[in-house]
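Grab a pencil and open the viewer. These exercises walk you through how two parts of one chain meet, one step at a time.

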Amino acid sequence: MKELAIGTLGSHSALNIFKGAKEEGFRTVCICKKENAIIYKKFPLVDELIIVKDFNELLTESIQKKLRNLNVILIPHGSFTAYLSTEELVNNLFVPMFGNRELLHWEANRVKQAEWLRQAGLRLPKTIKKPDEIDRLVIVKLPGAKGGRGYFLANSPSSFRKKFNEMVSRGLLTSGDLDRVHLQEYSLGVNVYPHYFSSIMKDDVEFLGVDRRYESAVDCIGKIPASQQMEIEINPTYTIVGNSPLVLRESLLPELIRMGENVHKKAKTLAPPGIIGPFCLETVITDDLKIYTFEISARIVAGTNIGIGTSPYAYLRYGENMYMGRRIALEIKEAQRKDSLEMILA
Ligand code: AMP
Ligand code: AMP
């Protein structure tokens, strides 16, 4: 108990997590691919580097044994769900993990996720059942967070078919994806990603930051004149490249804060004790100031990297030097002090 280490996969928000762990006095363990080790050598935040060929080696008995011997608490982030399946994370990973593993099932399934958010009272973009029913601008999505790669827009059944085939020929989709697409009403507005921390130790949902995303190719389209856009029949994709910090109009905060609280409250009934630690809502805010939520991530999001050091909202709450990675480590330390680690680990 006195020699706990914090570990995660070397990617996504690992630097954020390791810096926070170090600042709270934990040892750190990074499971990482050889080609990425340079990051964790440049920034001296890792005590133990475990090199793997593929992230799914995390599921092998030898790596898990190593992690248990190092007293590791794993912090899940986007690369866990992107490269390992929910079932594997729930059933085959025998290393203590910070968070609520049961909620992964609610998060991974679009239908269940929408049910959760609706029951929490959030406003969601409409779901269209099948391509033949497209009667408005929709965004076409594939299961799993692949950084928006392969997403496209369509506003009729025929434009759907044309663009789908185009995506297949560009190699961004395969014809088998046709049965797996999710069609969602496109909410016209700006993207806002609020970051929350659900503290089991303090029984509180904290509001710690907001980011916006920088997505290729959609964020570069405005740089070329409309006439050229028409000529090349550009079809925007949403591959995430980075994030930037955002401060919001203050009058939007009450609703966003309540949304975070309600999502956690609902999660408590779906999978007690609800969300443990960081989560993020992915929203679009329209020009009549309606907030549409199109997704939840019930774990640390990479957008919180904008807050390493501090963010305006973390500053308002904690003063200097609080950010998601450190907030996680602080919660673990608090649970350790109260001899209540079992309340925050799964
Ligand atoms: P990576 O290990 O970089 O492939 O990231 C794993 C998953 O997390 C990817 O599928 C991305 O969609 C998502 N992701 C990574 N970085 C970011 C970011 N800065 N903002 C939002 N999502 C991200
Ligand atoms: P996701 O993979 O769900 O995070 O979505 C990737 C990107 O697609 C987002 O960052 C948004 O720019 C865009 N997006 C997703 N859903 C919607 C929606 N319903 N309306 C407008 N834009 C959306």
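**Exercise 1.** How many salt bridges does the rule find across the interface of domain 1 and domain 2?

*Solution.* Keep in mind that you're working with a predicted model.
- Step 1: Find the parts. The domain assignment puts domain 1 at 5-97, while domain 2 comes in pieces, 108-123 + 189-225 + 239-323.
- Step 2: Look for a side-chain nitrogen of Lys or Arg within 4 Å of a carboxyl oxygen of Asp or Glu.
- Step 3: Count them up. Between domain 1 and domain 2 you get 0 salt bridges.
- Step 4: Now try polar contacts. Here the count is 6 residue pairs, both partners at pLDDT 80 or more.

**Exercise 2.** Work out which helices of domain 1 touch domain 2, and what classes of residue sit on that side.

*Solution.*
- Step 1: Two helices, H1 (14-23) and H4 (78-83), each bring at least two residues to the side of domain 1 that touches domain 2.
- Step 2: H1 gives the most, with 5 residues.
- Step 3: Sort that side by class, and you find 8 polar, 2 nonpolar and 2 charged residues.

**Exercise 3.** Describe the area buried between domain 1 and domain 2, and say which residues of domain 1 lose the most.

*Solution.*
- Step 1: Start with the distance: the C-alpha centres of the two domains are 24 Å apart.
- Step 2: Domain 1 puts 12 residues into the contact, and domain 2 puts in 10.
- Step 3: The buried area comes to about 870 Å², with 52% of it from carbon and sulfur atoms.
- Step 4: On the domain 1 side, His12, Asn16 and Glu23 lose the most area, together 54% of what that side buries.

Key: Residues numbered from 1 in each chain as written. Chains lettered and ligands numbered in written order. Predicted model: local features only at pLDDT ≥ 70, side-chain atom pairs only at ≥ 80, totals over all residues. Heavy atoms only, no water. Domains from an automatic or database assignment. Contact = heavy atoms within 4.5 Å. Buried area = accessible area lost by both parts, 1.4 Å probe. Polar contact = N/O pair within 3.5 Å; in protein donor to acceptor, adjacent residues only side chain to side chain. Helix = DSSP H or I, 4+ residues; strand = E, 2+ residues; numbered from the N terminus. Nonpolar A, V, L, I, M, F, W, Y, C, P; charged D, E, K, R; others polar.
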